[in-house]
Amino acid sequence: TSNLIGMAKLQAAAQDQVAETTRADILLATSSAYFTVLSAQSVLKVVGETVKARQTVVDQVTALVEIAKRKSTLDLSFANVNLSGAKLLLVQAQNELKAAEARLAAAMGLPGESTFVLADEPMPPAIPDRVQSLIDAAIQNRPELKDLRLQQSAAERLTKAEHALFFPSVGVLGTAGFAPAAEAQIPGRYGAIGLNISVPIFNGGLFRARQTEAELKAKAAGENVNDLQNRVIRDVRIAFANANTAFERMALTQELVKQAQLAMDLAQNRYELGLSDIVELSQAQLNLTSAQIANTTAMYDYQAQRINVDYQTGALH
């Protein structure tokens with residue numbers, strides 16, 4: 001009985017870890033959706049600025065074509081094509097923002113469509129240089145592993161309970177009373193006590209089979225712990241690599257924006273001086289827009305990857 005009670009307590013504790021796992025899943029989904037919305041808002045802002053810049057180019061080229069007669073209508077056509085492409089990007093960015101807000105609303109459990117005004121989160125601290133410390137933390141803190149370990153302990157307690165069935169059971173029975181209208185030959189008061197010993201021998205091997213079943217279940221529970229531990233180690237390594245890549249990407253995209261802006265300024269000056277055609281300017285505009293979008297998304301991608309690292313190591317509470 002004590003083993004069965006201990007097993008029940010362990011199973012109850014395992015259910016607490018299931019609740020912690022669900023909580024961590026909700027936090028991960030909400031955090032990821034949060035940074036996705038921030039990224040979509042930033043991309044929309046970049047694309048909006050791109051539309052304004054290309055509209056300015058169209059106005060300039062239109063003036064040069066119609067008033068100064070310094071540019072051909074082909075340049076105006078190229079400028080209009082670039083403006084149309086920017087407007088298309090704007091429509092796509094608006095759609096991505098609505099989709100991201102819908103995912104955030106679903107993660108937060110908010111019914112209907114919602115519009116959010118979100119604040120930027122501070123950048124997380126640098127990730128550790130070595131992944132082993134993260135793996136050790138994950139093995140110790142992941143609620144899924146705690147759940148399976150408790151289930152394994154519960155299965156082991158059940159094995160002990162099944163093994164205890166082989167022991168003899170001892171029962172004590174006592175009775176006492178009195179007979180108010182007793183005969184002289186029969187005492188008016190009486191009492192008796194008996195001892196009953198039951199030895200489980202001839203039960204067709206039932207207890208042996210039950211113990212074997214419990215032992216196999218305990219062994220399977222142990223293998224489940226090992227399997228999940230291996231998958232946790234894999235997930236931590238992947239999350240660590242993704243976070244490192246996202247961190248390095250931030251510096252690279254910042255340099256990319258710097259160089260693309262320089263190329264854009266040079267292309268703009270060359271075009272205004274008549275040293276290049278509209279194609280060179282259009283390519284410079286496209287490169288700058290791509291670099292700005294990549295730089296905008298890189299920061300939020302790193303924050304999302306850091307949240308995933310916290311989730312994989314069991315630090316997301």
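Two residues are in contact when heavy atoms of each lie within 4.5 Å. The views below come from a predicted model, in which local features need pLDDT of at least 70, side-chain atom pairs count only at pLDDT 80 or more, and totals for chains, interfaces and linings use all residues. Residues are numbered from 1 along each chain as its sequence is written, and side-chain values use heavy atoms, with hydrogens and water left out.

View 1. Helices are DSSP runs (H or I, at least four residues), numbered from the N terminus. Leaving out residues up to four places away in sequence, Q305 touches N242, A243 and A246. Q305 has a relative accessible area of 17%, and it is therefore buried (under 20% relative accessible area, with a 1.4 Å probe and protein chains only).

**View 2. The packing of α1 against α6.** Two packed helices are described by the angle between their axes and the distance between the axes. For α1 and α6 the angle is about 170° and the axes are 9 Å apart. Axes here are lines fitted to C-alpha atoms over the stretch in contact, and angles run from 0 to 180 degrees between N-to-C directions. Because of this angle, α1 is roughly antiparallel to α6 (angles over 145 degrees). Where α1 contacts α6, the residues comprise 15 nonpolar, 11 polar and two charged. In this count Ala, Val, Leu, Ile, Met, Phe, Trp, Tyr, Cys and Pro are nonpolar, Asp, Glu, Lys and Arg are charged, and the others, Gly among them, are polar.

**View 3. The largest nonpolar core.** A nonpolar core is a set of buried Ala, Val, Leu, Ile, Met, Phe, Trp, Tyr and Cys residues joined through side-chain atoms within 4.5 Å. The largest one has 22 residues, and V61 and L281 have the most contacts inside it. Two or more residues of this core come from each of α1 (2–66), α2 (73–108), α5 (206–272) and α6 (278–312). The greatest contribution, seven residues, is that of α1. Beyond neighbours within four places in sequence, V61 is in contact with D75, L76, A79 and Y271. Another core lies apart from the largest one; L28, Y34, L97 and A105 are among its 19 residues.

**View 4. T21 in helix α1.** T21 is buried, with a relative accessible area of 14%. Neighbours within four places in sequence aside, T21 is in contact with P143 and E144. Between T21 and V117 there are 29 Å in space, C-alpha to C-alpha, and the two are 96 residues apart in sequence.

Technical notes: Buried < 20%, exposed > 50% of the residue type's maximum accessible area, 1.4 Å probe, protein only. Parallel < 35°, antiparallel > 145°, perpendicular 65-115°, else oblique.
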